[in-house]
Amino acid sequence: MKKIIPFILMMWLVPAMLAAQSNGQQSREELERRKKELQKEIEEANQQLKETKKSTKESLGQLRALRDKITLRSRLINNINEEINFINGDINTAARDVKTLQKDLDTLKAQYAQLVIYAYKNRSSYDMLNFVFSAQNFNDAVKRFQYLKQYREYRRRQADNIVSTQDQLNRKIQNLENQRVKRSETLKTEQDERATLETDKKEKDEVLAKLKGREKELVTDINQRNKDAQKVQAAIRAVIRREIEEARRKAIEEEAARRKAAEEKRRREEEARKAALAAAAEKARAAAAAAANNNNNNAANNTPAPVKPAPEPVKPAPAPEPEKPVTRSENVLEATPEALALSESFEANRGKLPWPVDAGNIIEHFGIHQHAVMEHIQVPSDGIVIATNKGGAVKSIFDGEVKSVVVMPGSGYVIIIRHGQYFTTYVRLQTTRVKKGDNVKTGQVIGTASVNDIENTGEVELQIWKGVTKQNPEQWIRRR
């Protein structure tokens, strides 16, 4: 049992150690991936800031870009600190390995020194031969010869172990030095990022102070944007209600046509049943007349007439069973199989839908949030606003039918596309390439983004509706 326990412990510890090593490797790879993503996003924020700075005065775009930079750089610093923690762990592990190898090397050298001293004292070949030939018998002499051979082999292996351990020790020492250099470089990078972060914070505070000096202008802009957004929302709701009423009307017409067809079918079946009954009655009357005539003839000839079985009465047709209603979706916007399939396909792509633009970043999120400058003011958003290239192509994010193309004051062109019970709305377009009734495909260009002269960028707003309920587009489009 004592021999089995160590084996069981080894079987349990080895997989755990390998799993821990694998998790550590995965964590490092994840850190490196996140680091590259953050650096790329910081570059995009820098480019966005560079574009907004071309404006003649400070703007909300500059403030947003600076805040994005600060947030991303803070995440990058945290990422670097986690990387430093890994490096410190590697240094500690390498230091322990060096210490262990040094101890093993000292032990091997001490053991080898004893072997050398012993060999020196017994270096005479005469002594070795004397040791062999002084055996009591031949078998004993063979054993002594084997012992001397194994002893020499053991000395050779000890020398090889010393050389191998020395090589391992040198590699570990070099690895330790490399890790220390890497830690030093990473710490320098972290310090540089912190210095840049402080510079960004100072610039953000300066822009914020200047924007607060234009509070009256910003309040006017907020009020105007809210009015424009309400008009857009009213137009969208009107289109959706019209689609609902149209779908309901078609459903009622289809149900009425279905009932009329069923009633006509029942009428024809009833007429056929009555005709069958009349024919059966006529046949019975003819059979009765023929029987009476035969009876008279038989009476005259005193011959009894054969008795014929009475014809079976025609059974009335069974009453038709009440028709079961056609199974349909409770949502009238999914009343047709095509609309239902489109809705299900749209839902299946939740979180995987493409962006409406090739390049850009979200500058206004869905829902109610604080204003970037006046934090006491709550700003509602019916969708997400994406900053992109000026005049950049805007694409449909899913297959569907264009239900409306209108021009809204302050919001540019507005395109509404239906996908079963879902609707995607594209606001703030400069031009359009589709018209009402067009069928579009995923990724098809439907227009171009508007230009924000103050921000010096292009803008497009994406809204997603499920019936008359607004959805958060960020939960539907894929992450970048």
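**Overview of the predicted model.** The protein contains six helices and twelve strands, where helices (H or I, at least four residues) and strands (E, at least two) are DSSP runs numbered from the N terminus. This is a predicted model, in which local features need pLDDT of at least 70 and side-chain atom pairs count only at pLDDT 80 or more, while totals for chains, interfaces and linings use all residues. Residues are numbered from 1 along each chain as its sequence is written, and side-chain values use heavy atoms, with hydrogens and water left out. Of the 480 residues in the protein, 32% are buried, a term that stands for under 20% relative accessible area, with exposed meaning over 50% and partly exposed in between (1.4 Å probe, protein chains only). Among contacts (heavy atoms within 4.5 Å) with a separation of 6 or more, 74% are between residues 24 or more positions apart.

Thr-424 belongs to strand E8, which covers residues 422-432, and is buried, with a relative accessible area of 0%. Its side chain makes a polar contact with the side chain of Tyr-426 at 3.1 Å; such a contact is a pair of N or O atoms within 3.5 Å, and within protein one must be able to donate a hydrogen and the other to accept it, residues adjacent in sequence counting only if both atoms are side-chain atoms. Leaving aside residues up to four places away in sequence, Thr-424 touches Phe-346, Ile-397, Ile-415, Ile-416, Ile-417, His-419, Gln-463 and Ile-464.

The whole structure holds four aromatic pairs, defined for rings of Phe, Tyr and Trp (its six-membered ring) with centres within 6.5 Å, planes under 30 degrees apart being stacked, over 60 edge-to-face and the rest tilted. Phe-346 and Phe-398 form an edge-to-face pair, 5.2 Å centre to centre with 85° between the planes. Because Phe-346 lies in helix H6 (residues 337-348) and Phe-398 in the loop between strand E5 (393-395) and strand E6 (400-408), this pair ties together parts that are 52 residues apart in sequence. The rings of Phe-346 and Trp-476 also have centres 5.2 Å apart, but their planes stand at 35°, so this pair is tilted. With Trp-476 in the segment after strand E12 (469-471), the pair ties helix H6 to a part 130 residues away in sequence. Phe-346 is buried at 0% relative accessibility, and Trp-476 is buried at 1%. Ring pairs link Phe-346, Phe-398, Tyr-422 and Trp-476 into a cluster.

The structure holds 24 salt bridges, each a side-chain nitrogen of Lys or Arg within 4 Å of a carboxyl oxygen of Asp or Glu. One of them joins the side chains of Asp-200 and Arg-73 (3.3 Å, N to O), linking distant parts of the chain, with Asp-200 in helix H4 (residues 138-212) and Arg-73 in helix H2 (residues 60-121), 127 residues apart. Asp-200 is buried at 3% relative accessible area, and Arg-73 is likewise buried at 7%.

Glu-246 forms a salt bridge with Arg-249, the closest N and O atoms being 2.3 Å apart. Both residues lie in helix H5 (residues 215-300), three residues apart, about one turn of the helix. Glu-246 is partly exposed at 32% relative accessible area, as is Arg-249 at 37%.
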